[in-house]
Structures are given as structure tokens and as C-alpha cells.
Amino acid sequence: MADNSKESVKQDLIYILQLNSQVKYDKISSIKHAHDTVLRQHLFKTPLGAKYTSRLEQLIDKAEGVYKDNPHNSNLHRCLLCNYSLDNASVICNRCLTKYKIIPSKQEEIQLETTQNDTPIEYESIGSFENNITGQITEDFQTGFNVYDLFSEVFTKHTRREREDIFIAGTYHTNTVESGTADLYPKPWLFSRILAALLTVFVLLYICVTQFQNLNAITGFMFIASLTLPLSILLFIFEINTVKNIGIYDVTKMFFFGGITSIFLALLLYEIFPIGRLGYSEALIVAFLEALTKLLVIIVFYRLLNPKYILSGMLIGAAIGAGFAVFENIGYAFRFYILSGNNITYLTSILLMRFWSSLGSHVVWTAITAAGLVLAANPKSFVLRRFSVINLLIYFFIPVILHTIWDCPFMDSGSIVYIKLIVLIAAAWGILFVLINAGLRQISEDFKL
């Protein structure tokens, strides 16, 4: 049985980095030497090592024309460690090589057999590799979670292949859970491209509705105004989930089915607990009932997907919350448009308010609740050394409190309402970043070497 302990994975990575720094991947003889040595010395003990061995076999098969059309060979252009596109001739990308600070050495630790036509291959010592890697880890932990660094890739140019690599999360190409690898410091950027595209569509539809008074553009304007921020935030959290264990198919399913099921259950509860004009107690009831219905749906998908990572639970909640937000926003827009006697000016004011306030409402609230569920449902998780099941209640009632203050008639007139909403949005994102940091530290215990 493969060993999944951190020390064993660490040792396997050290060997892989040695081999990768010296093997000439454009020469089949060099690849074969590495493969033979790996098998003869029983070098690897973890799934990560097995993944490298498999990659060597795929490269040999490709060079010899064996199984040319094997679909598993499609991952040959991806980094063995992070699954992003390779930018060099080895099997580990430059980003990962830089991260682990590989410094070539003249000492030999893994000796490959050579033939008369091949020169010996020298490898760096285990000790110096371990020191370099350990130093990088220590530096990472001292640095901690950095919000600025998190968004540092937003304004960087990216290739089409990089875009496609993000959307294959949850497939066998990105099986970071099984391989023992994950990027501890994600730098999401694709969400910003989607946001920019949707904002462009939003502006064009706004002009069509307000300047040209085009009735055909009204429904599209309602839809895009309701969709833009919830979808963009969902994609941001999708990129944050560095274990890549939930695919876009499941996210889409949770978005539509989870979102509408939450609304359906909330409407059923409103039949039992009728809500009139929103006062303080009514705002609390609405916040509690909607949080409860979303939690019930979260539990269903939690049982189906069984995530043990905080970031994965956060993604489940974000998908359900995004669906809920989009359906609710469209519903409110259509309702007030009809009640106002088809007043376009009133419609745009409602949509603009719900547009920007979506930045910190249902998507973020539900992500917080789902993260709390993961914290409570995994007693072996590192965080439960400090938390108990009470953790679920804490992260359930935080969104309830935020939602209650959001809806209650407190600071709810004139321009002061904007201050209230901005403070609530900032508070929700502050809590979300705390949970992202906790999620990254959780991953570090399972994947960091």
C-alpha cells in the first residue's frame, strides 16, 4: 500500500526534483535510465512518486509510438506538481521549480546505469535538496496569507491553454488529492476576465434600455445585472479551490439545482411563517429561514461530493448561493418593474442597487456557512483541535446576523444605507478571507512537504 505520510511525500518530491533537473527529456535513453533506476531501487513510496513513474512510462511510449492515441497522454504538457501548462522541456513547470529553489549540485546520490554512448548523470544530494525545500516552506509560513499576492495574476497576460487548464479541474488530469500535490498559494485570475466580459455586456444593455428605450433589451438587462457578480465570485472561489476535486459540471449543477431548490424550500417555509412588512423581527426570521434552506441543500451536496477541505466546502456553498442570488435578483427586478407600471427608470435603479450589493450577499454568506459545515463534519481535520461542532453554529449564524442587519430598517434611508451595505460587504469578505486562510493552512498539512 502506498504511503501517504508527509515525510514520505516529501522524500519522493526530493527524488523527483533530482531526476527532473538532470534527465534529458528529449533523449529516450536518458528517460529510460531514469525509469530503470526508479524501478530497480524501489525509489518511490507514495502516489506522487507513482505519478512521476507513470509520466516516464508515458514519455517512453510516446517516443516509441506505443499507444499513440491514449487519452492519458494528453497530460504530458502539464506540470507534474501543479497541473498547469509546462513552460519548459521537463515535467515540472518553471513556477514550481522556482518555488522549491532547485540548486544544481555535483554530488551523486542516485546513480543511473550508463552505456558506452551515454555520459553519467549527476544528482544533487538529498541533504541540500531537503534544506532548500524546507527553507522555502519556512519562508511560506512566515509570509502567511497575502491578499495582494492572491490577486497578483489578475493583470498578467495568460494563454488560452492556461484558461483551459482551470476548467479541467475535477478530472483525472487534475487529481491533486490522489497525487499528493496542491498549490498552497492560489492566484486566481480567470474570474476577472469573465467579470470584464459580463460588465461590458451589462453596460451595452444598460445603454440599450436607458438611451434607446428598447423593450427587447429589458429581460437581457435583468439577467446580466443579476448574473454578473454572483457568477464572477463563484468563479473566483472555483479557482481558489486548489485541490481541484470539484469539476465545472458539479458546480453548474449546484448553481441551478441548488439555487432554485433553496428558493423553493424558502417559499414553503414562508407559507408556514408568513412575512409581512420587514421589521427587525421579520428581518431575523427571513435571514434564518433562508440560511436554513441553503444549509439543507448544502448538506445534500456535501453528502454527494464528500469534501474534506474547507475550500471545497466553500465552493459548494458559493455555487448554491450564486444560484439563489441570481434567481432572487431577477425575481425582484421583474416584480418591481411590474409594480412600477413598467417604469424603466425605477427598474434600472433597482437593478443597479442589487447589482453592486451582490458583491457581499448570498454567494459569500452561503460560502461561509458551507465552510462551517466542513469544519464541523471532519473531526480529523486540523481545525477541530481548536473548534468543535459549535463551529457549524457559529458560521451558520454569522450570515444570519449579516443578513438580518442587511434587511432590517436600521440605517435604511437616504445615502446612509450605502454605508451600511458597504460595511456589511466588507465584514462578509473579511470572514471569507479568514476561512480561505484556514483552508490553505488545512491543505498545507495534507500537501505541504
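This is a predicted model: local features need pLDDT of at least 70, side-chain atom pairs count only at pLDDT 80 or more; totals for chains, interfaces and linings use all residues.
Figure 1. A search of the whole structure finds 0 disulfides, and Cys-79 accordingly takes part in none, although the sulfur of Cys-93, which is the nearest cysteine sulfur, is 3.7 Å away. That separation does not make a disulfide, because the two sulfur atoms would have to be within 2.5 Å of each other. Cys-79 itself has a relative accessibility of 0% and counts as buried.

**Figure 2. Phe-191 and Phe-236, an aromatic pair between two helices.** The count of aromatic pairs comes to 19. In the pair shown here, the ring centres of Phe-191 and Phe-236 are 5.1 Å apart and the ring planes meet at 70 degrees, so the arrangement is edge-to-face. The two residues belong to distant parts of the chain, with Phe-191 in helix α9 (residues 190-210) and Phe-236 in helix α10 (residues 218-240), 45 residues apart. Phe-191 counts as buried at 11% relative accessibility, and Phe-236 counts as buried at 2%. Ring pairs also join Phe-191 and Phe-236 with Phe-151, Trp-429 and Phe-433 into a cluster.

Figure 3. Which arrangement do the rings of Tyr-206 and Phe-221 adopt? This aromatic pair is tilted, with 5.9 Å from centre to centre and 55 degrees between the planes. Tyr-206 lies in helix α9 and Phe-221 in helix α10, so that the pair links distant parts of the chain, 15 residues apart. At 31% relative accessibility, Tyr-206 counts as partly exposed, whereas Phe-221, at 0%, counts as buried.

**Figure 4. A nonpolar surface patch that includes Tyr-206 and Leu-204.** Val-203, Leu-204, Tyr-206, Ile-207, Phe-212 and Leu-352 make a nonpolar surface patch of about 540 Å². Helix α9 supplies the largest share of the patch, with 4 residues. Leu-204 is located in helix α9, and with a relative accessible area of 52% Leu-204 is exposed.

**Figure 5. Charged side chains over aromatic rings.** The charged end of Lys-294 is placed over the ring of Phe-324, at a distance of 4.9 Å from the ring centre. In a further example, Arg-335 lies over the face of Phe-336, 5.5 Å from the centre of the ring.

Figure 6. Side chains of opposite charge can pair when their charged atoms come close. The structure holds 4 salt bridges. One of them joins Glu-164 to Arg-160, and the closest N and O atoms of this pair are 3.1 Å apart. Both residues lie in helix α7 (residues 160-167), where a spacing of 4 residues corresponds to about one turn of the helix. Glu-164 counts as partly exposed at 40% relative accessibility, while Arg-160, with a relative accessible area of 59%, is exposed. Another salt bridge is formed by Lys-253 and Asp-250, whose closest N and O atoms are 3.7 Å apart. These two residues both lie in helix α11 (residues 248-272), 3 residues apart, which is again about one turn of the helix. At 34% relative accessibility Lys-253 counts as partly exposed, whereas Asp-250 counts as buried at 19%.

Figure 7. Glu-328 forms a salt bridge with Arg-354, and the closest N and O atoms of the two are 3.0 Å apart. Because Glu-328 lies in helix α13 (residues 310-339) and Arg-354 in helix α14, the pair ties together parts that are 26 residues apart in sequence. Is Glu-328 buried or exposed? Glu-328 is buried, with a relative accessible area of 13%, and Arg-354 counts as partly exposed at 21%.

**Figure 8. Tyr-346 in helix α14.** Tyr-346 is found in helix α14 (residues 344-357) and, at 36% relative accessibility, counts as partly exposed. The C-alpha atoms of Tyr-346 and Ala-333 are separated by 9.5 Å, and the two residues are 13 residues apart along the chain.

Terms used:
Residues are numbered from 1 along each chain as its sequence is written. Side-chain values use heavy atoms; hydrogens and water are left out. Rings of Phe, Tyr and Trp (its six-membered ring) pair if their centres lie within 6.5 Å; planes under 30 degrees apart count as stacked, over 60 as edge-to-face and the rest as tilted. Buried means under 20% relative accessible area, exposed over 50%, partly exposed in between (1.4 Å probe, protein chains only). A charge sits over a ring if NZ of Lys or CZ of Arg is within 6 Å of the ring centre and within 35 degrees of the ring normal. Patches are made of residues with over 30% relative accessible area and no salt bridge: like charges are joined within 9 Å, nonpolar side chains (Val, Leu, Ile, Met, Phe, Trp, Tyr) within 5 Å. Accessible areas come from the Shrake-Rupley method with a 1.4 Å probe; for residues, only the protein chains shown count as cover. A salt bridge is a side-chain nitrogen of Lys or Arg within 4 Å of a carboxyl oxygen of Asp or Glu.
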